[in-house]
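Morning, everyone. Please bring the model up on the screen, and we will walk through it together.

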Amino acid sequence: MYFWYFGGMDIILITTVIASLFLVIGAAEPFAARVRLPYSVILAALGILIGAGATFFLRTELTDALNPVAEAILGLPIKSNVFLYVFLPTLLFQATLGMNLRRMLDDWVPILVLAVVAVVVATVSVGYALSWASTLPLAACLLIGSIVSTTDPSAVVSIFRSISAPRRLARIIEGESLLNDAAAIALFGLFMGFVMLGLPDPDLGDALARFPILVAGGAVTGWLTGRIAVWVMALFSRHELAQISISVAVPYLAYIVAEQSVGASGVIAVVAVGLTLNLMAPGRLPPQSWTNLRELWDVLAHWAGALIFILAALLIPRLLEEARLGDFLLVGVVTLAAIIARTAILFVLMPLLTAVKLSPPVERPYRVAILWGGLRGAVTLALALAVTESVRVPSDIQRVVGILATGFVLFTLLVQGATLRWIIGRLGLDRLSPIDEALSRQVVAVALQTVREDVARTTENYDLNRDTVRSEAKRFGERLELAVKMAEESADILDRDRIVLGLIALAGHERDTILARVRERTISARMAEFVLSDADRLIEGARTQGRSGYQRAARQSVVYGRAFRAAVLLHGRLGLSAPLARMTADRFELLLSKRLILRDLGAFIDGRIRRIHGRRVADLLHELLSRRIESVETALEGLRLQYPGYAEELERRFIRRTTLRMEEREYVAMREDGLIGAEVYTTLMQELGLRRVAAEERPRLDVAIQRSVLVQQFPLFAGFDDGVMKRLIRALTTRYVDAGEVIIRKDSVAKRVFFIASGAVELESAGQTWRLGRGEMFGQMAILTNKARRADVRAIAPTTLLVLDEDRFRRLLERSQVLREAVRAAAEKRGINPAEFLPSE
């Protein structure tokens, strides 16, 4: 019988209780949707009811039949370490895997400031308010402040998504909450140490000074763990279950190593390891493995999140057993201080960040919803439980911490959570704007017209009864007539608004097309992250700033970023070519992927947008799309010229992947039609998988070799012998500039000459402009005439320049007849006599 008992309890009974909890979890979500309450509120309420019911049946004299069940429920091993070491890493790791990290990086300033500052403000506000209102030592008050400063944004984020709130706003809230938990738990560890050491009034400055050390140690631990995990998982590329199993171990190992070995924040380590996998794994793992891994973690996090709420709520009756009247007054103090702190962040700090353009503008109704939606839950209860379990914390502090944290959680769940959707409705956030309402009517009219045409063809194909068809057609026609009438009543949408709506629809379709190409494996998972991020920027740019925002996001998608410029600097100054080679190859593949996607969008404009918004809007969108295609082609042509042959290698790779996709489709069709059996199909798919692994490998790019080829192909450097050419290649440096970037300013000192390898520039002097393209040079006139520069020069397309200093240019000019002729022609074109600085031939 020993094997059937666990910790003195019947293992069958324990299994039954846990299985029943999963039934509760399964029923809670549809029930929450039906009663229109946040899922977390329903889970917490069910947990409280289960805990209170078990306590009642165990103590009542009415019946003893349910005592074993009640004992099993109350005897579950619910300790703080279960929450902190099992459930919490699961939730944090899944949240980081599910993030669009590259879009989060766009908003890292508001996320970081709101998270860290919000935690510190809440901790200090609640701590000092409690210190003023009670006799508790300051260290214990600050400990309580850190416990209640964590937030659970799931309710407000899910509601924001259901009402089509700005995606960027929901993303900032999610990111803030993730780092908020990490920062709060790190502060909790600090103040918990002070309380256990018996320091009543710690130096707040010293405590906060240790905070960055905890964060940095956890971040480094998580990053190293993530790098090792990705390397090991990449070794098992043909074993998907092995890769997923390693991913399950990673967050817990990172948490334990950081907490127990490094003495840093385990929460920060889990966040760092998740972000590292999010950034690196899509490019190192097969796409299907990465998809399945994320889906598994979605399920694990769903279970962990539900269990942590239910199990923590089971403890609430126990934690409130010794509550007194004065304790409820202190709960009010905590609640009021926390709300005031949150209000200061949302209504003071957020507008300041918006004013300095570090955060998107957040309208007042959304800020009110975020304020009221700042629920507390399982993390707060878990931290409070850790205090009540510690034998080194005085018993009176244990009691107060348990009661105040529990009371505050109950207020946020049962008062704020239960009224959140009502508040959303009162703020008017659950209603469509007039423009969206008018658009929806037009979309319905267009859709019904298309449906009528398709149904007519279908009835003809199947030779249905004519009377039935006529009756249904009449009924459908009445609905269509009503829809058209309502659409005509809403026909007063301004063209400006139609353009914005058309751009949002176009960017949304671009995103859907990207996802379809990823599923077809014609775009790699690594590139999908980049192009999806660009599509999200297009949607948000169009939503917030209309056509100008869309165009700004489109230009941003082809520019050379800061990371690329840093890689160029490393290559030029230190000779480290690996980062530049990798980022140049990424840029090549990214531009090829964009070109593939953009060429498919014209049909969507003609087929959908023209019917809804009219020819004028469709023509304008075609024009904007043509500009995007032209900018991508220009950037791609620049790379082709600089790295001849590499683009062709990538195109061959694309063709191979497309061929494999079509081959796979044929095998699947034959299997479904019964033409081949399971054994043959499995063998064919295994062989196809091996070829696909080979096709996924990207060809290697050698930056140094490619630059020498570029210089040798430059028309102005023709005719040099090998020795001169080698010295010239070493002397020339490469510079990448974006469209609109100023290269030379008027009246600056002339020190360099620029040769255009790709792209185009515009010179402006004395009200006149000249445009120069590939194979031409500029900057030489000021050097040869010994005068300050007389023109401003800016790039009008993504441009690659070869740069030569003054001394080497003069020596080169003496050697090259071709270069002297080019200088003479440029001087005459600008009305300058070349005899002033060039000797006659």
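Let's start at alanine 553. Alanine 553 is buried, at a relative accessible area of 11%. Buried means under 20% relative accessible area, exposed over 50%, and partly exposed in between, with a 1.4 Å probe and protein chains only. Alanine 553 sits in helix α22, residues 525-556. Helices are DSSP runs of H or I, at least four residues, and strands are runs of E, at least two, numbered from the N terminus.

Which residues does alanine 553 touch, not counting those up to four places away in sequence? Arg537 and Leu538. A contact here is heavy atoms within 4.5 Å. Aspartate 536 is 17 residues from alanine 553 in sequence and 9.3 Å away in space, C-alpha to C-alpha.

A word on the source. This is a predicted model: local features need pLDDT of at least 70, side-chain atom pairs count only at pLDDT 80 or more, and totals for chains, interfaces and linings use all residues. Residues are numbered from 1 along each chain as its sequence is written, and side-chain values use heavy atoms, leaving out hydrogens and water.

Now confidence. pLDDT is the predictor's confidence in each residue, from 0 to 100. The chain has a mean of 77, and 81% of its residues reach 70 or more. Among its elements, helix α11 (residues 240-262) has the highest mean, 89. Strand β1 (residues 5-6) has the lowest, 46. Over residues 1-6 the pLDDT is below 50. Where pLDDT is low, the predicted coordinates should not be read in detail.

On to the cores. A nonpolar core is a set of buried Ala, Val, Leu, Ile, Met, Phe, Trp, Tyr and Cys residues joined through side-chain atoms within 4.5 Å. The largest one has 71 residues. Leu143 and Phe188 are among those with the most contacts inside it. Helix α9, residues 167-197, gives the most to this core: 13 residues. A second, separate core has 34 residues, including Ile499 and Tyr550.

Next, threonine 96, in helix α4, residues 80-97. Buried or exposed? Threonine 96 is buried, at 0% relative accessible area. Beyond four places in sequence, its contacts are Leu178, Val271, Gly274, Leu275 and Asn278.

Last, helix α1. Its buried residues include Ile14, Leu21 and Ala28.
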